[in-house]
Amino acid sequence: MLPVSPGLQTLVITSIREEASGVKTFSITPEDGRGIPYAAGQFITLVFTHHGKEERRSFSLSSSPVLNEPLAFTIKRIDNGAYSRLLIDKAQVGDKLYTAGAAGLFTLPAEIPAKQIFFFSAGIGITPVFSIIKTLLHTQPGTHAVLIYSNRSREEVVFYNKLQALAEKFSDRLKLVFLYSTSFDLSRARLSKALLPVLLKENALAPKTDLLFYICGPFSYMRMVIISLEEQGIHEDQIRKENFNTNDRNIIKVEPPDKATHTATIKYLGREYSFPVAYPDTILQAAKKNGLSLPFSCEVGRCGSCAARCTSGKVWLSYNEVLMDTDLQHGSILTCVGHPVNGDVTIDV
Ligand SMILES: Cc1cc2nc3c(=O)[nH]c(=O)nc-3n(C[C@H](O)[C@H](O)[C@H](O)COP(=O)(O)OP(=O)(O)OC[C@H]3O[C@@H](n4cnc5c(N)ncnc54)[C@H](O)[C@@H]3O)c2cc1C
Ligand code: FES
């Protein structure tokens with residue numbers, strides 16, 4: 001059964017390449033030839049049907065938009081995963097996939113305020129980082145990069161040869177630090193709160209407060225890196241993070257300060273739609289009930305697919321792992337966890 005959500009684009013798989021055991025890169029091309037605009041670090045949301053129900057999964061694009069490379073994403077097989085197993089075990093060149101497009105906020109700023117960016121990545125968390133590093137090296141000659149990439153062993157490193165080739169080509173601007181948790185040298189095995197400041201000191205070309213940090217990996221790894229950076233005096237504005245695991249539904253539900261029904265006016269693709277949002281529905285859920293299909297993926301405030309801008313009124317978010325304080329100050333909201341409070345709202349999607 002094919003997915004039926006409106007606005008989906010069909011993709012054709014043009015090549016499949018094994019990167020490491022259980023990890024494959026899928027090059028894709030839109031069937032309609034329209035292309036998919038994206039920024040380095042963004043993900044595409046694929047839509048498929050599973051047991052008769054439409055489901056969505058996001059995959060960071062590992063290709064770079066500035067290198068004339070085919071659009072590509074790279075997947076790790078999850079043992080009991082519905083979609084990753086289907087793609088890794090069964091997908092063939094010529095197969096069709098369906099996408100709701102590219103989105104995400106794990107991207108480079110329009111103007112890079114730092115002379116050097118540190119990338120902390122573990123396992124399959126390399127995918128958006130690989131796209132960003134390639135883009136950075138080819139477009140920002142004044143910015144240096146350090147990649148600290150953790151895996152169990154050398155065999156599990158994704159893109160090892162490609163990373164080495166980049167480090168050779170940009171030897172003055174890219175430093176690679178591979179960490180293997182099975183290494184005999186325990187002082188350089190797992191990234192830890194003790195090792196992180198050492199690596200920072202060894203590699204930083206500027207004061208800590210002038211650096212940027214990008215982090216992508218398993219949840220506990222990311223938490224450790226963020227806490228360690230904060231202990232080093234790094235401000236949260238200097239840190240960008242991408243969380244792949246949106247399946248943890250045990251997020252504690254907090255209630256909005258105002259549960260009255262308010263009207264949301266949504267401006268989307270040149271048209272305007274108005275409908276009531278009645279608690280406990282979020283703006284995204286109310287839109288769906290009113291026949292409006294807005295962009296979304298995780299539906300729990302963790303991926304950024306549904307990011308929009310509130311231009312009048314106030315939207316309260318029950319959870320937010322992606323928007324930074326500066327985004328919130330500029331009116332950015334997430335429709336999947338957003339509720340209008342204290343009156344009606346207008347939102348640009
Ligand atoms: C913004 C974003 C970007 C992503 N980019 C990539 C990418 O580039 N490459 C990639 O391989 N994956 C990526 N993911 C993860 C991916 O979307 C899926 O979560 C993953 O492929 C599992 O889907 P599934 O259908 O196979 O598993 P499901 O059927 O959804 O889950 C099966 C089991 O696996 C666990 N599980 C699900 N997802 C994960 C996970 N990410 N890590 C550990 N356990 C998990 C679940 O808790 C469950 O027990 C990304 C996710 C997000 C939100
Ligand atoms: S759909 Fe993922 S943050 Fe809203």
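A cavity is defined here, on a 1 Å grid over the protein atoms alone, as a set of points where a 1.4 Å probe fits but cannot get out, whereas a pocket is an open set with protein on both sides within 12 Å along at least five of seven lines; in either case lining residues have an atom within 4 Å of a point. Grid points are joined across faces, edges and corners, and a volume is the space filled by probe spheres set on the points. The structure is a predicted model, in which local features need pLDDT of at least 70 and side-chain atom pairs count only at pLDDT 80 or more, while totals for chains, interfaces and linings use all residues. Residues are numbered from 1 along each chain as its sequence is written, chains are lettered from A and ligands numbered from 1 in the order in which they are written, and side-chain values use heavy atoms, with hydrogens and water left out.

One cavity of 30 Å³ or more is present in the structure, and the largest cavity holds about 50 Å³ of space. Its lining is made up of Pro256, Asp258, Lys259, Ala260, Val277, Ala278, Tyr279, Asp281, His339 and Pro340. By class, this lining comprises six nonpolar, one polar and three charged residues, where Ala, Val, Leu, Ile, Met, Phe, Trp, Tyr, Cys and Pro count as nonpolar, Asp, Glu, Lys and Arg as charged, and the others, Gly among them, as polar. Tyr279, one of the lining residues of the largest cavity, is joined to Pro280 by a cis peptide bond with an omega of about 10°. Pro280 itself lies in the loop between strand S13 (271-277) and helix H6 (283-289); helices (H or I, at least four residues) and strands (E, at least two) are DSSP runs, numbered from the N terminus.

The lining of the second largest pocket divides into 14 nonpolar, seven polar and ten charged residues. At least three residues are drawn from each of domain 2 (116-242) and domain 3 (262-348), the domain bounds being those of an automatic or database domain assignment.

Strand S12 (262-268) is mostly covered, with five of its seven residues buried; buried means under 20% relative accessible area, exposed over 50%, and partly exposed in between (1.4 Å probe, protein chains only). S12 runs antiparallel to S13, to which seven bridges join it, and two strands are taken to pair if DSSP finds at least two bridges between them. Within this arrangement, Tyr268 has Arg271 of S13 as its bridge partner. The hairpin of S12 and S13 has two residues between the strands, and there Leu269 takes a positive phi near 50°. Leu269 counts as exposed, at 72% relative accessibility. S12 also pairs with strand S16 (residues 338-348), in the parallel sense and over four bridges, and Thr265 stands opposite Thr346 in S16.

A positive phi, of about 50°, is also found at His51, which is not a glycine. His51 is placed in the loop between strand S3 (43-50) and strand S4 (53-60), and is exposed, with a relative accessible area of 76%.

Strand S7 (residues 116-122) is largely enclosed by the rest of the structure, because seven of its seven residues are buried. In a regular strand the side chains alternate between the two faces of the sheet. Both faces of S7 are covered, with Gln116, Phe118, Phe120 and Ala122 buried on one side and Ile117, Phe119 and Ser121 buried on the other. S7 runs parallel to strand S8 (residues 144-151), the two being joined by seven bridges, and the bridge partner of Gln116 in S8 is His144.

The structure holds zero disulfides, a disulfide being a pair of cysteine sulfur atoms within 2.5 Å. For Cys310, the closest cysteine sulfur is that of Cys306, which at 13 Å is too far for a bond. Cys310 is buried, with a relative accessible area of 13%, and Cys336 is likewise buried, with a relative accessible area of 7%.
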